[in-house]
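This report describes one protein chain for a reader who is new to structural terms. Please examine the sequence and the model below before reading on.

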Amino acid sequence: MKNRLKVLRAERDWTQADLANALDVSRQTVNAIEKGKFDPSLPLAFKCARLFGMRIEEIFEDESV
């Protein structure tokens with residue numbers, strides 16, 4: 001799954017650790033999501049969307065479509 005987390009995080013000058021703390025996950029989880037090695041759960045995707053004030057579809061894109 002493609003995502004814009006790294007770009008959105010960089011726009012705010014947040015480290016992976018900052019984002020991880022805001023989402024209540026580990027830095028390794030943020031890293032894996034940003035690299036496309038891990039797809040977030042639906043609750044985590046909603047949490048990301050709320051944090052950035054966006055819709056899930058604006059952050060995450062299904063590559064199989």
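## Surface and burial

The chain exposes about 4300 Å², and carbon and sulfur atoms supply 49% of this area. Accessible areas come from the Shrake-Rupley method with a 1.4 Å probe, and for residues only the protein chains shown count as cover. Of the 65 residues in the chain, 31% are buried (under 20% relative accessible area; exposed means over 50%, and partly exposed lies in between, with a 1.4 Å probe and protein chains only).

The model is predicted: local features need pLDDT of at least 70 and side-chain atom pairs count only at pLDDT 80 or more, while totals for chains, interfaces and linings use all residues. Residues are numbered from 1 along each chain as its sequence is written, and side-chain values use heavy atoms, with hydrogens and water left out.

## Elements

The chain contains five helices and two strands, in the order β-α-α-α-α-α-β from the N terminus. Helices (H or I, at least four residues) and strands (E, at least two) are DSSP runs, numbered from the N terminus.

## An aromatic pair

The count comes to one aromatic pair, where rings of Phe, Tyr and Trp (its six-membered ring) pair if their centres lie within 6.5 Å; planes under 30 degrees apart count as stacked, over 60 as edge-to-face and the rest as tilted. Tryptophan 14 and phenylalanine 52 form this tilted pair, 5.6 Å centre to centre with 35° between the planes. The two residues are 38 residues apart, tryptophan 14 in the loop between helix H1 (5-11) and helix H2 (16-23) and phenylalanine 52 in helix H4 (residues 42-52).

Tryptophan 14 is partly exposed because its relative accessibility is 27%, whereas phenylalanine 52, at 6%, is buried.
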